[in-house]
Amino acid sequence: MSYLGTIFFALILGLGIGFFAINIRKILRNIKLGQDVNRFDHSQKRWSNMALIALGQSKMVKRPVAGLLHIFVYVGFVIINIEVLEIIIDGLFGTHRVFSILGVVYDILIGSFEILAVLVLIAVIIFFIRRNIIRLKRFVSSDLKGWPKNDANIILYFEIVLMSLFLLMNAADYHLQLLSFGHYERAGAFPISQFIEPVFNGMNESTVMIIERAVWWSHITGILIFLNYLYFSKHLHILLAFPNTYFADLNPKGQFDNLASVTAEVKLMMDPNADPYAAAPVDASAQPTKFGAKDAMDLNWVQLLNAYTCTECGRCTSACPANITGKKLSPRKIMMDTRDRLEEIGRNIDSNKGIFVPDNKSLLNDYITTEELWACTSCNACVEECPVSISPLSIIMDMRRYLVMEESAAPQPINAMMTNIENNGAPWQYNQQDRLNWKQE
């Protein structure tokens, strides 16, 4: 590569990584808008979860077909990126296959890369067929219309193009190696691209080199474009699945957290030495207590991380009993709405010099309706199904808390039940003295 070519490559690389860093900073800023919660305990268990679920894909294979295909794509992209490192070094220093000094190990690596590239292509084509031709039910829901549907297909196109460029680049390189043309010395094993190489027979060596260089540039540029596309895409889970599984809730499913302010009030009521008529002490410096969540910033930072990590796979919605029976609730939509609202808040902050200016909108009502929230049975099926440990239920419950404790807006049967508990000490509408009357019948 010429001196100017090296400078141009360094410029493209710098711009690609620079824009990616800017976008990641925005995501981290938005996640930090959430309320504080401690998820740094039990580090050994958390590391184990991350290794098993994010790296080991243990929850993906619960659906064997999709799980196996996803493993092909996942492993293929992770391992093939080793060659991306070689491309970057070659681009910066003008070398040719710098890792070829590894000898036989390098041959094995390149050979395995090519086999994985073919497996990725096969998997992606099957994913495209499942999504657009067979049209599986979880991919044709109303919450996947418009951009979410287009985004999923754009990712599949990206993967097909990148893998095809990778194999074509190797085929052209291998052809020039066979001819010992220029600096193209024998390096690597090409079990797949050796069958593509004959298309260059009869071409002038210089023409083949131009094709090889054009494909090489297209491949690395495509990777940098894809890297920056992640910010706008559901494929952000490639990066965020690891911290998301690490910071996941370790409590047993179904165990909800207690509000500290309510716990303190209940303890005070149960204290026989406390004056029942005394007013609670007032801390002038304390922020007013807010129960539950109305907007995205009322949620904790792990819930906001969950929103950015959502893969939009729809496993949660397909397992949701409320959705199955025709209710409006879709746990996938809950996560997508939370992310969309958080992004809207982030744009508001960006346009107002780092300060959020109230926009008379909120996650509740403007994005998520009360009908969706009260349709939830709190069964945890969505949490159990999620391949990256996302909890739509925690967001639903926090928004329900807001409706009940801040707006007294629970459905009539729930309000009646709570009134009975307050007056009768039980959910039923009769006096405590009458509880055992049923045995006389």
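This is a predicted model: local features need pLDDT of at least 70, side-chain atom pairs count only at pLDDT 80 or more; totals for chains, interfaces and linings use all residues.
## The nonpolar core

The largest nonpolar core has 86 residues, and the members that touch the most others are Met163 and Leu329. Setting aside residues up to four places away in sequence, Met163 touches Phe77, Ile80, Ala117, Val120 and Leu121. Apart from this core lies another one of six residues, including Ala171, Leu176, Phe200 and Val208.

As background, nonpolar side chains tend to be buried together in soluble globular proteins.

## Helix H1

Helix H1 covers residues 3–31, which makes 29 residues. From first C-alpha to last, H1 reaches 42 Å, close to the 42 Å expected at 1.5 Å a residue.

Which residues of H1 are buried? They are Gly5, Thr6, Phe9, Leu13, Gly16, Phe20, Asn23, Ile27, Asn30 and Ile31. Among the elements that cover them are helix H3 (64–93), helix H6 (205–229), helix H7 (237–246), helix H9 (301–309) and helix H12 (331–351).

## Salt bridges across the chain

The whole structure holds 18 salt bridges. In general, side chains of opposite charge can pair when their charged atoms come close. One of these bridges joins Glu384 and Lys62, with the closest N and O atoms 3.0 Å apart. Glu384 sits in helix H15 (residues 381–385), while Lys62 is in the loop between helix H2 (43–55) and H3, so this pair links distant parts of the chain, 322 residues apart. Glu384 counts as partly exposed at 34% relative accessibility, and Lys62 is also partly exposed, with a relative accessible area of 48%.

Arg63 and Glu385 form a salt bridge too, at 3.5 Å from N to O. Because Arg63 lies in the loop between H2 and H3 and Glu385 in helix H15, this pair ties together parts that are 322 residues apart in sequence. Arg63 is partly exposed at 25% relative accessibility, as is Glu385 at 23%. Elsewhere, a network of salt bridges links Asp295, Arg341, Glu344, Asp359 and Lys361.

## Arg401 and its surroundings

Arg401 is in helix H16, where its side chain meets that of Asp398 in a salt bridge (3.7 Å, N to O). Why are the two separated by about one helical turn? The reason is that Asp398 and Arg401 are three residues apart in helix H16 (residues 392–406). An α-helix has 3.6 residues a turn, so residues three or four places apart point the same way.

Are Asp398 and Arg401 buried or exposed? Both are buried. For Arg401 the relative accessibility is 19%, which counts as buried because the cut-off is under 20%. A polar atom of the Arg401 side chain lies 2.4 Å from the backbone oxygen of Asp257. Leaving out neighbours within four places in sequence, Arg401 is in contact with Asp257, Asn258, Leu259, Phe291, Gly292 and Glu406.

## Two positive phi angles

Gln57, found in the loop between H2 and H3, has a phi near 55°, a positive value in a residue other than glycine. Gln57 counts as buried at 7% relative accessibility.

Ser389 lies in the loop between H15 and H16. Its phi is near 65°, again positive in a residue other than glycine. Ser389 is buried, with a relative accessible area of 17%.

Key: Residues are numbered from 1 along each chain as its sequence is written. Side-chain values use heavy atoms; hydrogens and water are left out. A nonpolar core is a set of buried Ala, Val, Leu, Ile, Met, Phe, Trp, Tyr and Cys residues joined through side-chain atoms within 4.5 Å. Buried means under 20% relative accessible area, exposed over 50%, partly exposed in between (1.4 Å probe, protein chains only). Contact means heavy atoms within 4.5 Å. Helices (H or I, at least four residues) and strands (E, at least two) are DSSP runs, numbered from the N terminus. The expected span of a helix is 1.5 Å times one less than its number of residues. A salt bridge is a side-chain nitrogen of Lys or Arg within 4 Å of a carboxyl oxygen of Asp or Glu. A polar contact is a pair of N or O atoms within 3.5 Å; within protein, one must be able to donate a hydrogen and the other to accept it, and residues adjacent in sequence count only if both atoms are side-chain atoms.
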